[in-house]
Amino acid sequence: MAETYTLKHVNVPPAQTWNYLKINEMQLTVPTAPQTDVIDVSPFADIETGAGAEASAWLLASAEEHNLHMVSAGETKTVLVVACGCKQAVFHDVLVGKSANAKIAVLATGKETYGIQLRVSLDEGAHAQVELFVAGGDDSVLLCNEGYRLADDASLEVNHHVLTFSTAALGTCIACDGANSTAELTCRNLVAGGTTLDMNYLLRQRGRLSRSHIDVSGVLAEGSNKNLCDTIDLIRGCKGAKALENEVVLLAGERMVNKSLPTILCDEDDVAGNHGATIGSVAPEQLEYLAERGLTPDEVTDLFRRSVVEDALAHARALGQTRAVAAVLAASERILGPEATAELRENA
Amino acid sequence: MAESITNAAEDARKGRTAGSVDVTEVDRRLYDFTMPEDGYERYEDGLTPEIVRSISAKKDEPDWMLDLRLRSLAIYHELEMPTNWGPSIDGLDMDHISTYVAPKTKQAASWDDVPEEIKDTFERLGIPKAERSYLAGVGAQYDSELVYHNMQDTAAKMGVVYSGIEEALHGEYEGLIHDHFMRLVPPRDHKFAALHGAVWSGGSFVFVPRGVKVEFPLQSYFRLNAAGAGQFEHTLIIVEEGADLHFIEGCSAPKYNVANLHAGCVELFVGKGARLRYSTIENWSKNMYNLNTKRARVEEDGVMEWVSGSFGSHVGYLYPTTELVGARSSAEFTGITFAGATQELDTGCKVIMGAPDTRAAVSTKSLSKGGGTSIFRSSVMVTPRAERAVATVSCASLMLDDISRSDTIPAMDVRCGSASVGHEATIGRISDDTLSYLMSRGVSEEEARTMVVNGFANPISKELPLEYAVEMNNLIKLEMEGAIG
């Protein structure tokens, strides 16, 4: 039997709750042990990542190469990160120069256990748009560890499209260090029966007048497991900062496990922090309305699933990345079936 | 600038004994008075089986209660406090806490029979007056023992039982108490539940028979007078099918520069179609470690209402919990927490929805000022059996200066597809526009801030009987003094 190792503290939120709720961390079995003698000496080493130090150590040790991308000041560039392997990781750092514009497409289409580490540093006035497409095999176990650091006036848009996987652990930390920096983190997810999605999203706001928004929505099928810890940390000194967290979960089945820990940590009075979460199923009266128009309850749920896939497809097409489009369409075949996917292809 | 909380090294530098804390000078003369302990019985500090046996022997308890105490003590020593969440309790040293301090008096049914200085204490706190004006019954606990317990004849004639729990243990209700005591909060629940099980003393037993509606509230008031001591009262309330009760709990203590501990326990059983409202104004002094545990179990169509105001304590861990085990049962929690200088109050609530068509509504407010830390911590668990359950959680936090802290950590665990759970939270400060508006109408800045805070707290104070709302508003006013600068 191949040797494996269990990462015990993955996706640990900064503020924890009662241990019996089993929401404070995740354990993940990986093919090899993290090597403690591999030290990250890059300038990105101090960028905090969402999945944690143990995860970072494994990803650093498992990556065949460490990729560095530079987007020069004022330049516009697209970076493609592809993780399609098996039992290995990809490791990418991106430096986005002053007033530069970067689009980063991340394709997670691997098999068995695989990982992605992405760290992005945005200089003054820089903008980055990151699109993650999780469309791995039905047996895939993904560890995706992201860290972002924003200087003054930098802006970041991160979109996670989580479509197919067996287990996916997504850890994202965004540090709005600069004044007037803004960050938006959106996740649209489909959690199928028998699969597990664990997310730790952390927004640390240090910059004055910084803005952040976390928006997570998804559909949970019968027998699915989803864990979301999203934290906004308003750190002393971030006067005038605003933060907003939203979560919407559609429960599409009788039995599933949905855990949420939406946290606001506030050490500064001159801020505004809000969060809201709504968890439930399509209301009976809405189902009735749609039934009168010929839709069964399963078809209604499919509408929501389709909207997530369509959204992913639209983002992939807007990026101009054919591999991303292909990955989403392949996932769509498994989620919606060939007929619906053919429609999506035609609508391009 | 708020006085800071001392740690062990600072204690040593200043020559203080372990467990001492600085307390902010707030005008709390109404609560901040001490009485001499002449002639009192005080057990030695620390926690040993001999102390536990002495407490049990003093109360002449049945064997099962001594057995529970000793098992609890063993569990206490076995369990650890979690280190990954919650405020630090490093300043609490059980080797410097006496678990039993008692005046030399027996429980009385008339204030005339209560020793003068103790009666004077409760007169100053307004308890006898409240009893005369609007209560159906009062229990008053002083340090480790109940010193007064009485109930109106009208309530007694309806079959309501309201007595000291130790008194009830020696009568016809021993069996009922055995079947309910530490069943909702077992000793293994957490370390301080185990401590409570080992050294509990005092507290009330309430039994409201089927169909009886108690028109006026019952109240228990807990006063901890002794320095370096703990209070571990146990409140057990059983409200039978179709019955209705409002129970009010109040507490206070004078400030000391050593730690005091409150590890009480409240267990509430709400029968089918019954209603219980449990209101608390917690006003412990700011050297107190308040590690209280409250839990209710609600049967079919039962209603549990919590109203909670937390103003005192140096460190607080307080999460009233409701188990909705019967179909269509419901829970409502309305609370306010005010964390001032030297305070770290971790409060909130838990609801476990374990049956179909259950309902839960949580609405809390928190304020932090003068370097205080207020943490709202909650959990809503919807089990697979809770079909069509509906829960809403709302938390608003107001920060009154830029040296305080406010966190919200609400957890939701939903396992039923037909349930519906909503949550919202806001954190912010009093807006400059609001203050400008009020001040332009001739109100000083301090008054303006107090008005806004009172308005913020209004949804909670209006749930209380008028006299308690007045007390709550007075406590807010006390906390707001010096809020400028």
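Buried means under 20% relative accessible area, exposed means over 50%, and partly exposed lies in between, using a 1.4 Å probe and protein chains only. These legends describe a predicted model, in which local features need pLDDT of at least 70, side-chain atom pairs count only at pLDDT 80 or more, and totals for chains, interfaces and linings use all residues. Residues are numbered from 1 along each chain as its sequence is written, chains are lettered from A and ligands numbered from 1 in the order in which they are written, and side-chain values use heavy atoms, with hydrogens and water left out.

**View 1. B:M182 sits in a loop of chain B.** The loop runs between α8 (174-180) and α9 (191-199). Helices (H or I, at least four residues) and strands (E, at least two) are DSSP runs, numbered from the N terminus. Is B:M182 buried or exposed? B:M182 is buried, at a relative accessible area of 5%. Its phi is near 55°, a positive value in a residue other than glycine. Most residues other than glycine have a negative phi.

**View 2. A:N11 lies in a loop of chain A.** This loop joins β1 (5-10) and β2 (26-30). A:N11 has a positive phi of about 55°, although it is not a glycine. Its relative accessible area is 1%, so A:N11 is buried. What does its side chain reach? The side chain of A:N11 reaches the backbone oxygen of A:L170 at 3.4 Å. A:N11 also touches residues beyond four places away in sequence, among them A:N24, A:G50, A:D198 and A:N200. Contact here means heavy atoms within 4.5 Å.

**View 3. Helix α5 of chain A has a buried face.** The helix spans residues 338-346. Its buried residues are A:A340, A:T341 and A:L344. Seen down the axis of α5(A), these buried residues fall within an arc of 100°, so they line one face of the helix. The arc is that of the directions from the helix axis to the C-beta atoms. Which elements do the buried residues pack against? They pack against α3 (297-319) and α4 (322-335) of chain A. The face turned away carries the exposed residues A:P338, A:E339 and A:E346.

**View 4. Helix α12 of chain B covers residues 466-480.** It has 15 residues and reaches 21 Å from its first C-alpha to its last. That is close to the 21 Å expected at 1.5 Å a residue. The expected span is 1.5 Å times one less than the number of residues. Buried residues of α12(B) include B:Y468, B:M472, B:L475 and B:I476. The packing partners of its buried residues include α5 (127-134), α11 (445-461) and β19 (330-339) of chain B.

**View 5. Strand β19 of chain B is mostly covered.** Nine of its 10 residues are buried. Strand β16 (residues 303-310) pairs with β19(B) in the parallel sense over eight bridges. Two strands pair if DSSP finds at least two bridges between them. B:W306 has B:F333 in β19(B) as its bridge partner. Strand β21 (residues 359-368) also pairs with β19(B) in the parallel sense, over 10 bridges. B:A331 stands opposite B:A360 in β21(B).

**View 6. A:C238 is a buried cysteine.** Its relative accessibility is 0%. A disulfide is a pair of cysteine sulfur atoms within 2.5 Å. The structure holds zero disulfides over all chains. In chain B, B:C416 is buried, with a relative accessible area of 0%.

Methods
A polar contact is a pair of N or O atoms within 3.5 Å; within protein, one must be able to donate a hydrogen and the other to accept it, and residues adjacent in sequence count only if both atoms are side-chain atoms.
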